[in-house]
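Keep the picture open while you read.

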Amino acid sequence: MSTVTPATAASAESAHAPAELDEPAPVFVARDSRTEQIVKILIPTVMLAALVALWAWYVKAYEVPHYILPSPWRVAESLIKDWGTLSAALLITLKITFTALGMALVGGVGLAILMSQSRWVELALYPYAVILQVTPIVAIAPLILIYAPTTQSALLICAWLVAFFPVLSNTTQGLKSTDHNLLNLFEMYGANRWQTLIHLKLPSALPYFLAGLRIAGGLALIAAVVAEFAAGSAGAQSGLAYRLLESQFRLNIPRLFAALILLSVTGVIIFAMTSVVSHLLLRKWHESALKREN
Amino acid sequence: MTIDPAQAVSSDAHASASRPLVSLRGISKVFSNGTTALQNMSMDIRQGEFISLLGPSGCGKSTVLRIIAGLGDPSSGTIEWPTSNHDASGKALPEISFVFQEPTLMPWATVFNNVWLPLRLKGISKQAARDRVLEALEMVGLEKFAEAYPRELSGGMKMRVSIARALVTRPKLLLMDEPFAALDEITRFKLNNDLLHLWEKFGWTVIFVTHSVFESVYLSNRIVVMAARPGRVVNDMAVDAPYPRDEDFRTSSIYNDYCKDASLALHSAMGANDHL
Ligand SMILES: Nc1ncnc2c1ncn2[C@@H]1O[C@H](COP(=O)(O)OP(=O)(O)O)[C@@H](O)[C@H]1O
Ligand SMILES: [Mg+2]
């Protein structure tokens, strides 16, 4: 990284300075954003290349057998060769994850609104939402498997249960955190419940909801995988988790790695998508989405 | 409390109508934790008055303002609105606006949408409200910032938006709870002047809460001094200086005299609670 002059390096650093360092850096403003853009892409790319190279070198230098640690090339090869099986499995895992997430959003937000409107509903239901959350999903999965009509629906229920709670609890918290002065203002101007909900409570709960969404997105994928481990589904309807286990049984470690990489990439994409949604919705007004500028 | 609709509206600026706009009769407020925020407070507010409620913090200024605004009921006593319209059940429908100490803007809404809010809640569409919103923004000198978000504005500008929102409903009574307390002195003086100009022009009635003697004398034609524990009125003095008032007034001897009087009244109010 010899091309980075001390000045630009310092400016890139100051953009990420912790909040208590309040010194403005006006001199670098013009160069700052471009340098930062490049650095933002360059550093992760270089890092990734370095890690893969280290991995390839290690496997070769120490002659590690491929059923213990396959080389990156073997994993890539497996990814291409088994793409038919893997992509089908990926599709199924994605379907479960996103259906569960969608249902969690509807259910979580719906229940949060219901509880914010009625103290009775809150007192009656919230404890059960907590119980469902704190009981490990792997422990409930066998029961769900017995009760659910199909394995697919069991997986869906498991993933939903896990993704639902962060949405519910965050949205509930958000709905409760409405600025009291604004509530007074709405009351004074004769707003009805519906107007207060639509124009005040929901917008102010939005940042909380989006934080919940980001957690729920990751958890939905994790739960879809964990539930499939527990359920051990088979045949054409198998998701990535099953393919992982299968590869392990058959000591097909390159394929295990390929499946693992697909899972990680899916997780990263879900995280990126929820982050982008969050940024787009908040960028105009919420501190979390604003670049600090002094 | 039967009201003849013909008499309901009389917005003659600064005219002390024979009947008060609001009349507080023996208002007390005891909070659930046992704090007596107000004890037996009575006062008449006449149309066109610019009243300052002056008192140390904790003397119940905000509480009385909220009660007048209908936010929270008094524990005892009555509030009458002899000149306002009343609904079928006899409940008064006073035309009030409230400016809080904080700007209290919705951060997710533009300046325009923030000012539109009171009209929107009455079911007035954005298109229909447009002229009135822009007019209100013009009054506070922010017509160019209609599409800005609150975070892009300075503290003083946010307060102006808050005032525009209060004015957009064309209220008869403007309640202001230490609206400029958080601003720097230069901005505060500027907003004081702008507020006075608007008041002279439109002639609403203003109840202005402050703990600043200077601000109360500069702005108002009547100062109601309050004391704490329990919150009550201890002095009610007129400020008989002519409007328009400007920076010359701030340095005049009559202003100084009134400040001295108000200061004395405030100190004797606080002297009753020497532990403060
Ligand atoms: N919601 C509340 N619950 C209990 N006590 C309150 C509440 N609001 C205000 N008080 C108390 O009532 C008194 C008057 O408060 P307030 O009207 O806010 O005073 P001021 O605006 O003059 O500073 C204070 O002692 C305050 O602590
Ligand atoms: Mg107060």
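Predicted model: local features only at pLDDT ≥ 70, side-chain atom pairs only at ≥ 80, totals over all residues.

Residues are numbered from 1 along each chain as its sequence is written, chains are lettered from A and ligands numbered from 1 in the order in which they are written, and side-chain values use heavy atoms, leaving out hydrogens and water.

**Where the chains meet**

The size of an interface is often given as the accessible area lost when the parts come together. Here, chain A and chain B bury about 2000 Å² between them, and 71% of that is on carbon and sulfur atoms (buried area is what two parts lose in accessible area, with a 1.4 Å probe, on being put together, summed over both). On chain A's side, A:Met188, A:Tyr189 and A:Trp285 supply 35% of the area that chain A buries against chain B, more than any other three residues.

Chain A brings 17 residues to the contact and chain B brings 23 (contact means heavy atoms within 4.5 Å). The rule also finds two residue pairs in polar contact across this interface, both at pLDDT 80 or more. A polar contact is a pair of N or O atoms within 3.5 Å; within protein, one must be able to donate a hydrogen and the other to accept it, and residues adjacent in sequence count only if both atoms are side-chain atoms.

**A look at A:Arg214**

You'll find A:Arg214 in helix H9 of chain A (helices are DSSP runs of H or I, at least four residues, numbered from the N terminus). Who does A:Arg214 touch, not counting residues up to four places away in sequence? The list is A:Phe271, A:Thr274 and A:Ser275. With A:Ser275 there is a side-chain polar contact of 3.1 Å. The C-alpha atoms of A:Arg214 and A:Ile270 are separated by 8.4 Å, though the two are 56 residues apart along the chain.

**Around ligand 1**

Over in chain B, the residues around ligand 1 include B:Phe31, B:Asn33, B:Ser62 and B:Arg66 (near means a heavy atom within 4 Å).

| Residue with polar backbone atom | Distance to an oxygen atom of ligand 1 |
|---|---|
| B:Gly60 | 3.1 Å |
| B:Lys61 | 2.9 Å |

Methods
Helix = DSSP H or I, 4+ residues; strand = E, 2+ residues; numbered from the N terminus.
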